[in-house]
Amino acid sequence: MGDNSNGFVEVKSSEKKQKSKNSSNHSFGKSVLVPFISGILGASLVVGLCFNVPTIKERLLGKSAETTTPDSSSAVNYNNVNTSLISLSNFSDTGVAVAQKVLPSIVGISVEYPISTLFSKVVSTAKAEGSGVIISKDGYILTNNHVISTNSSSSDSFYAVGEASKITVSLYNDDTAYEAKVVGTDEQTDLAVIKIEKEGLTAAELGDSDSLQVAEWCMAIGNPLGMKSSITTGSISALNREITDSDGKSFTLIQTDTAINSGNSGGALVNSKGQVIGINTLKASGTGVEGLGFAIPINSTKSIYSDLITYNKVKRPYIGIVGMDITDSIIKQNPSAHLVIGAYIRSIENFSPAEKAGLKVGDVIIKVDGKEIKTMNELNAIKETHSIGDNLTLTISRDGREQDISITLGEQP
């Protein structure tokens with residue numbers, strides 16, 4: 001007998017032959033062999049089906065069989081990924097709740113600038129729109145410096161844009177125009193603080209921009225193109241983006257695909273808790289460019305606006321040197337100059353901490369408090385973590401010899 005199917009055919013054929021010869025043999029096949037073979041086939045079929053029913057399969061082979069896959073090596077581990085279905089209703093409710101919480105803390109800013117000629121004659125007035133974030137109940141508002149200040153001039157240099165002559169603030173669900181005064185500006189960070197004379201405002205809740213994660217949900221709120229109290233939503237695209245603006249200033253920013261347009265500058269980037277995590281400041285524009293907006297992390301603004309409110313300026317630590325980076329290629333081009341990789345001092349300002357400490361033109365700073373540096377940017381980054389009056393130990397290379405010099409940081413003039 002071969003496999004079960006062939007055996008079944010053979011049994012039937014044999015049965016027909018025996019039937020013509022002997023009816024007793026036919027009776028035996030009908031009463032014994034057919035039920036026996038049918039029973040075997042039936043049992044096989046049932047067991048086969050059971051192996052495709054998980055609960056029965058588990059009882060027959062144990063729980064280990066349940067997790068077996070044809071190619072377990074190619075299976076993806078989703079243990080740490082939330083694959084649960086998300087309710088669109090809940091998602092929408094989050095956006096509505098965030099908007100309702102934050103909108104009262106966002107203002108529209110309208111600025112007027114005088115346009116003058118080379119002969120100092122005012123010929124017209126230019127207007128610009130921006131946004132701001134209320135940071136205190138008594139009227140202090142955080143915005144971008146470029147919203148309220150400008151050093152722009154036309155390409156032929158015949159016309160010039162002066163300092164803002166009038167700044168007007170509009171509040172959420174309030175038709176009154178409030179005139180604002182400039183408290184302080186900081187071009188280096190592109191931040192500014194203005195103030196209106198009004199009490200009982202809704203100050204924004206500030207979040208922790210250091211705890212942000214890529215792909216986290218976010219919302220931008222502001223006044224794009226003068227369209228008051230507009231919101232757009234998206235996600236955090238990247239963190240710590242090093243961006244250089246059209247004026248050559250560098251910033252470390254949050255990247256987002258949330259739509260940001262002219263007029264959004266100075267407005268808020270907020271998280272799903274309705275906390276401000278950034279100040280919208282830049283967008284990438286051009287043919288084929290979409291979804292590239294940038295915001296100043298809110299944590300980096302706190303000491304800035306605190307100084308602007310207290311001192312009307314930002315107090316920064318100061319060394320008093322102008323330097324350049326020394327690279328391998330520069331060393332090879334000047335083999336007799338005793339140069340090493342580091343921050344080369346090109347000039348020293350009079351009466352500066354550098355002059356008082358005894359630094360000289362031609363010195364190369366190679367370490368700060370024992371930490372190796374290779375560029376002026378690295379030197380400045382360490383300096384910015386210190387306060388005015390702090391002491392630093394600079395390791396320099398002078399004429400091929402290393403020495404340590406102690407310097408007390410002053411206040412940047």
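**Exercise 1.** Determine in which sense strand 3 and strand 8 pair, and over how many bridges.

Solution. Strands here are DSSP runs of E with at least two residues, numbered from the N terminus. Two strands pair if DSSP finds at least two bridges between them. Strand 3 (residues 140–144) pairs with strand 8 in the antiparallel sense, over five bridges. One of the partners is Leu191 in strand 8, which is bridged to Asn144.

The model is predicted: local features need pLDDT of at least 70, side-chain atom pairs count only at pLDDT 80 or more, and totals for chains, interfaces and linings use all residues. Residues are numbered from 1 along each chain as its sequence is written, and side-chain values use heavy atoms, with hydrogens and water left out.

**Exercise 2.** Find what joins strand 7 to strand 8.

Solution. Strand 7 (residues 181–186) runs antiparallel to strand 8, with five bridges. Opposite Leu191 stands Asp186.

**Exercise 3.** Decide whether the faces of strand 8 are covered or open.

Solution. Buried means under 20% relative accessible area, exposed over 50%, partly exposed in between (1.4 Å probe, protein chains only). On one side Leu191, Val193 and Lys195 are buried, and on the other Ala192 and Ile194. Both faces are therefore covered, and strand 8 (residues 191–195) is largely enclosed by the rest of the structure because five of its five residues are buried.

**Exercise 4.** State which residues Ser352 is in contact with, leaving aside neighbours within four places in sequence.

Solution. Contact means heavy atoms within 4.5 Å. Ser352 contacts Tyr318, Ile319 and Gly320. Ser352 counts as buried because its relative accessibility is 0%.

Definitions and conventions:
Helices (H or I, at least four residues) and strands (E, at least two) are DSSP runs, numbered from the N terminus.
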